[in-house]
Amino acid sequence: MILMKDITRDGNPVLRKRAAKVTFPLSEEDRELANKMMEYLINSQDPEIAEKHQLRAGVGLAAPQVNVSKQMAAVLVPAPDDAEDDTPIFKEVIINPVIVSHSVQDAALAEGEGCLSVDRNIPGYVPRHDRITLRYQNMDGETKTIRLKGYPAIVCQHEIDHLHGVLFYDHINKQHPFTLDDPDTVILE
Ligand code: CO
């Protein structure tokens with residue numbers, strides 16, 4: 001299983017590289033990697049397993065974060081706490097993802113963003129698109145086109161950034177971290 005020691009940290013050049021496209025059918029190695037990345041997210045969101053293995057909770061993990069420069073990321077956005085069933089809002093390994101279109105409206109998380117590869121807390125708004133149309137391939141090589149809004153859209157944009165060598169704090173206004181260039185940006189609590 002993937003542990004915190006396996007996760008590449010800010011400063012590692014792999015996090016600043018543009019990742020290579022993944023070819024299909026998936027190699028056994030790529031399939032295992034995809035499964036292990038999703039397993040990390042599942043484990044990290046389980047309080048007992050996370051405590052036992054000292055896993056920091058995550059909703060997304062991109063292959064460069066485990067030192068593999070390929071366009072693959074696991075995303076697991078859990079059901080809200082008050083939901084009647086625990087079906088995740090979004091659970092998928094997205095491969096070769098592309099944002100094919102997006103809203104003019106931006107959005108940012110009120111609490112800023114964090115990253116398993118960044119050990120420091122870096123405060124500030126990270127402006128993202130509020131809605132995106134995402135095209136990707138799943139593990140079976142099927143091309144999917146989906147629309148996402150709000151939090152899951154932000155998570156996917158954070159992960160796709162990892163595949164392009166971008167980290168969340170690159171988007172924060174350096175002088176005024178809680179000032180947004182676009183005053184119409186939605187702040188998500
Ligand atoms: Co990250």
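Student: Why is His-158 called buried?

Tutor: Buried means under 20% relative accessible area, with over 50% being exposed and anything in between partly exposed (1.4 Å probe, protein chains only). His-158 has 7% relative accessibility, so His-158 counts as buried. Keep in mind that this is a predicted model, where local features need pLDDT of at least 70, side-chain atom pairs count only at pLDDT 80 or more, and totals for chains, interfaces and linings use all residues. Residues are numbered from 1 along each chain as its sequence is written, and side-chain values use heavy atoms, leaving out hydrogens and water.

Student: What makes His-162 buried?

Tutor: The relative accessible area of His-162 is 0%, so His-162 is buried too.

Student: Which residues is His-162 in contact with, leaving aside neighbours within four places in sequence?

Tutor: Contact means heavy atoms within 4.5 Å. Among the contacts of His-162 are Leu-15, Ala-62 and Cys-115.

Student: What makes the link between the side chains of His-162 and His-158 a polar contact?

Tutor: A polar contact is a pair of N or O atoms within 3.5 Å; within protein, one must be able to donate a hydrogen and the other to accept it, and residues adjacent in sequence count only if both atoms are side-chain atoms. The two side chains make such a contact at 3.3 Å.

Student: How do you know that the "binding site" residues gather at one spot?

Tutor: The unreviewed UniProt entry lists Cys-115, His-158 and His-162. They span 48 residues in sequence, yet no two of their C-alpha atoms are more than 10.1 Å apart, so they gather at one spot. Such annotations, given in the numbering used here with shortened feature names, may be inferred rather than shown by experiment.
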